[in-house]
Structure formats: C-alpha cells, structure tokens
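Have the viewer open and follow along.

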Amino acid sequence: MSPSWKNIRADFPALHQQVNGKPLVYLDNAATSQKPQCVIDTLTRYYTQDNANIHRGIHALSIRATDAYEKARKRALKFLNAASPADIVFTAGTTDSVNLVANSWGNENLKENDVILLTEMEHHSNLVPWQLLAKRTGAKLRFLPVVPGDTGLLDLTKLSKVLTPEVRIFAFTHVSNTLGVINPAAELCAAARKVGALTLVDAAQSAGHIPLDVQQLGCDFFVLSGHKMCGPTGIGVLYGRAPHLDKMPPYRGGGSMIKSVSYFESQWAPSPAKFEAGTPNIADAIALARAMDYLDSLGREAIAQHDKKLAALAYVRIMTEIPGIRILGPAQHRSSVLSFVIPGAHAHDVVTLADQDGIALRGGHHCNQPLMRKLGLTSTSRASFYFYNTEEEVERFILSLKRIQKFFPLWCQANTPPDA
Ligand code: 7TS
C-alpha cells in the first residue's frame with residue numbers, strides 16, 4: 001500500500017514556511033532534498049549524547065559512537081544490497097567518491113592510450129576527475145553520444161562502436177540531473193563486462209529515488225550523495241567490489257588507515273579503513289543511515305512511482321497547456337527531473353519569477369556545460385520532484401509558469417528551439 005504522501009509532509013519542517021508571502025513549493029530536489037525530523041533528531045542526539053572520536057577510544061562514548069558508525073555502514077550495505085561492509089566506504093559525497101576511484105584505481109591501472117568511456121550527459125563531477133586522470137596517465141576520453149534532439153536518450157546503437165577492448169572503465173550516470181532520463185544501467189554494465197571494462201555508476205540522482213541493488217546492476221563501483229536522499233550534506237558512499245578495493249592504494253594518507261607506520265614507510269589497513277583517513281564524518285554517516293531507514297519505511301518503489309507521476313503530470317500539462325515551452329528529456333524513462341526552456345527568457349529570470357510565487361526551481365547549466373553546448377543552450381530551468389511534493393504543488397508550478405510566460409510573449413509563440 002502507498003504511504004499517505006500528504007501526511008509525510010509533516011515530517012519535513014523546512015517545507016512549512018512562506019517564501020515571498022506564499023507557501024513554499026520546493027522543487028529543487030535534484031540539487032538537495034529536504035531533511036525529515038528523524039534525521040535532524042539523529043544528528044542532535046548524536047551530538048548531545050554520544051559524541052566521541054571513533055576506532056580509538058575505549059571509553060563508553062567512543063564505543064557507542066564507533067558502534068553507531070559501523071552500524072551505519074551495515075545499513076548502507078543493506079540499502080545497496082552490497083556483499084560485505086568492506087565494500088562500503090564513507091566519503092564526502094558523489095564528487096569525492098568519483099575522485100577517490102579516479103585517483104586510486106585510475107593512477108594504478110591506467111596507461112597511455114587506455115580509454116575512459118563516459119557519456120555525453122555526465123555531471124562535471126563524473127567528467128572533470130577523469131579529465132585530470134587522463135592528463136596524468138595519457139589515457140584517452142571517449143563518449144557514448146546522446147541521440148541528437150531533445151529526447152535525452154543515450155544512443156545505444158553506438159555502444160558497440162565506443163565500447164571497445166581498449167576501454168578500461170565506463171563511468172556513467174544512472175539518472176541525468178538535466179535530462180531526467182533513467183539510463184539502462186544493468187544493460188550498460190553487462191556490455192562493459194563483455195569487453196573487460198569496469199563500470200562506475202553515478203547514482204547521485206537515483207539513490208533514494210528508485211530501487212537499487214548493486215549486485216543486480218553488476219557494477220564495479222557505485223557512488224552516491226547522502227544529501228540528495230534526505231541525509232545530511234558532506235556524507236556519501238562509495239561502493240566497490242572487494243577484488244578492486246583490496247588492490248587499490250589509499251587515496252589519502254593519515255590516521256586510522258594504517259596497519260603500521262615507521263618513519264619512512266607504512267602498511268595499510270584493509271578496506272574500508274584504508275580509504276577513510278582521519279576522523280570521518282561520524283554524525284552524518286549515522287544520520288544518513290537514519291535517512292535510509294526512513295526511505296525504506298516509505299518504500300523505494302512507492303517513492304519512484306510517486307515522483308514519476310508528478311514529473312509526468314507536469315510534463316503533460318506543460319505540453320498541452322503552455323505552448324512554446326521546450327522540455328528536455330524523454331516522455332518515457334523519466335525520473336523526477338524536468339528541465340525546460342522558455343525561449344527568449346534566461347533561466348535565472350524564470351527562477352527569480354518563480355521564487356516570487358514561492359516556488360524553488362534551479363536555473364543554470366546544472367554542471368553539464370558540454371551537454372548544454374550540444375543542445376545549443378547555455379542554461380535551462382529545472383523542476384525536480386520528491387515524494388513530499390503534491391499534485392497541488394504541480395498545479396502551483398503550472399500556474400506560475402503561465403504567469404512567467406506572459407513576461408516573454410514575443411518569444412513564446414512557437415514550440416521551437418531558440419536556435420532552430
Ligand atoms: N552526479 C550527478 C548526476 C549529480 O546530479 C550531482 C549533483 C553530482 C554528481 C555531484 O553531487 P555532489 O553531492 O558531490 O555535489 N547535482 C546537482 C544538481 O543537479 N544541482 O545541484 C547539484
């Protein structure tokens with residue numbers, strides 16, 4: 001049975017406020033989600049009762065904090081259906097996780113003319129670290145194209161052409177933060193495996209939105225950010241398959257990640273400690289585990305259906321009621337992200353006008369500059385939904401768009417791209 005989505009809003013204190021004299025409609029969930037009270041309470045409880053450093057103290061608080069932190073790792077394991085706690089590394093987020101893999105695995109394994117395969121829709125977080133790696137090693141970057149036009153689908157007919165035996169790793173986003181498209185992650189991982197390439201799935205936009213199982217996906221690495229799935233900022237997860245993590249060198253050196261240290265050399269602890277140098281983000285890891293409990297109590301399939309329904313409703317209403325607005329991404333295989341362009345209007349103006357109506361959108365290039373250029377754009381406006389959004393909020397969003405469109409009447413006559 002579906003949860004009562006309306007009652008769920010009571011769990012999110014930040015949703016109950018006025019912005020510019022109107023009740024807030026928060027549609028910037030792809031940037032970061034709001035936090036339920038139980039996650040906020042978990043942080044407060046940790047800092048008021050258990051706060052201590054971990055993996056070192058033998059006093060009561062340190063033991064409690066260590067237990068809670070390692071329990072959080074087991075919670076993340078269950079959330080992703082990983083095989084062992086050693087496969088779960090806590091990081092600062094998706095960006096940090098990709099940098100860890102690109103530096104640790106990449107420096108060790110790539111040589112000149114090896115190929116790093118990405119897609120044309122990667123967030124800068126899953127592009128720039130690989131560019132840096134390519135510069136360091138002489139490896140080459142290659143891209144699986146997006147189908148020309150606005151559908152936002154990956155051109156799978158080109159997959160066998162770009163996925164050749166020189167490819168050592170294929171790193172791709174599960175859900176595009178700009179196009180909203182859900183990529184066929186399991187299919188892409190299986191294709192990569194056939195040519196002996198490893199895979200990294202950027203789940204920043206899918207974790208907490210759609211059901212996930214890293215073993216079913218068959219990926220080698222899987223990365224996510226806690227703050228986009230009801231958890232705190234500054235905490236994320238890197239899942240890696242044990243044979244890779246075992247062989248990878250540390251990314252950062254410091255306390256807690258060693259077996260022994262002498263003045264001139266050191267030996268590393270096994271994963272995950274090897275990758276968690278220094279005092280980790282204890283409180284936020286524990287609060288992320290609470291967010292995972294919360295999401296699972298709602299049901300991730302139910303969340304996915306709800307998000308999809310709202311995005312589809314917004315899509316259909318724009319297409320049928322507001323001619324002239326260009327929507328990016330597919331009608332099918334769409335998650336909760338809806339990017340659009342009002343020809344002649346800068347996205348920042350659209351977002352500012354929506355803010356006057358109490359509606360939080362995002363405008364900009366969404367850290368997707370190469371994709372924007374390919375689409376002939378500099379920016380889009382974006383509404384991104386989550387399970388606490390309602391159909392009434394979609395209605396407010398549509399009414400706001402109709403009001404905004406009136407500011408740009410000459411430009412909004414035809415449903416054609418500005419550069420067509
Ligand atoms: N990958 C994807 C697909 C993303 O959407 C984002 C953040 C990241 C990686 C980076 O995540 P971080 O938590 O390490 O910063 N995306 C967005 C966005 O769309 N608006 O703000 C941040």
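## Two asparagines with positive phi

Let's start with Asn113, which sits in the loop between α4 (94-109) and β5. Keep in mind throughout that this is a predicted model. The phi angle of Asn113 is near 70°, a positive value in a residue that isn't glycine. Most residues other than glycine have a negative phi, and most peptide bonds are trans. With a relative accessible area of 46%, Asn113 counts as partly exposed, because that class runs between 20% and 50%.

Asn81 is another case: its phi is positive, about 55°, although it is not a glycine. You'll find Asn81 in the loop between α3 and β4 (88-91). Its relative accessible area is 34%, so Asn81 is partly exposed.

## A cis peptide bond

Next, have a look at the bond from Ser271 to Pro272: this peptide bond is cis, with omega near 10°. Pro272 belongs to the loop between β12 (266-268) and α10 (282-298).

## Around the ligand

Which residues come nearest to the ligand? Of the 16 residues around it, those are Thr95, Asp202, Ser225, Arg362 and Arg382. Sorted by class, the shell around the ligand has nine polar, four charged and three nonpolar residues.

Now for some polar atom pairs. An N or O atom in the side chain of Arg382 is 2.6 Å from an oxygen atom of the ligand. Asn177 places a polar side-chain atom 2.9 Å from an oxygen atom of the ligand, while for His123 a polar side-chain atom lies 3.3 Å from a ligand nitrogen atom. As for cover, the ligand taken alone exposes 490 Å², and the protein buries 86% of that.

## The cavity

How many cavities of 30 Å³ or more does the structure hold? The count is one. The largest cavity has about 30 Å³ of space. Its lining is made up of Tyr251, Arg252, Phe275, Glu276 and Ala277. By class, that lining comes out as three nonpolar and two charged residues, with no polar ones.

## Buried strand residues

The side chain of Thr119 has two polar partners to check in the viewer. One is the backbone nitrogen of Met121, which the Thr119 side chain reaches at 3.1 Å. The other is the side chain of Glu122, in a polar contact of 2.5 Å with the side chain of Thr119.

Gly236 is in strand β10 (residues 236-240). Its relative accessibility is 0%, so Gly236 is buried. Gly236 and Leu288 are 52 residues apart in sequence, yet their C-alpha atoms are 8.3 Å apart in space.

## An exposed isoleucine

Last stop: Ile58, in the loop between α2 (37-50) and α3 (60-80). Ile58 counts as exposed because its relative accessibility is 81%, and exposed means over 50%.

Note on methods:
Residues are numbered from 1 along each chain as its sequence is written. This is a predicted model: local features need pLDDT of at least 70, side-chain atom pairs count only at pLDDT 80 or more; totals for chains, interfaces and linings use all residues. Side-chain values use heavy atoms; hydrogens and water are left out. Helices (H or I, at least four residues) and strands (E, at least two) are DSSP runs, numbered from the N terminus. Buried means under 20% relative accessible area, exposed over 50%, partly exposed in between (1.4 Å probe, protein chains only). A residue is near a molecule or strand if one of its heavy atoms lies within 4 Å of it. A polar contact is a pair of N or O atoms within 3.5 Å; within protein, one must be able to donate a hydrogen and the other to accept it, and residues adjacent in sequence count only if both atoms are side-chain atoms. Accessible areas come from the Shrake-Rupley method with a 1.4 Å probe; for residues, only the protein chains shown count as cover. Ala, Val, Leu, Ile, Met, Phe, Trp, Tyr, Cys and Pro count as nonpolar, Asp, Glu, Lys and Arg as charged, and the others, Gly among them, as polar. On a 1 Å grid over the protein atoms alone, a cavity is a set of points where a 1.4 Å probe fits but cannot get out, and a pocket is an open set with protein on both sides within 12 Å along at least five of seven lines; lining residues have an atom within 4 Å of a point. Grid points are joined across faces, edges and corners, and a volume is the space filled by probe spheres set on the points.
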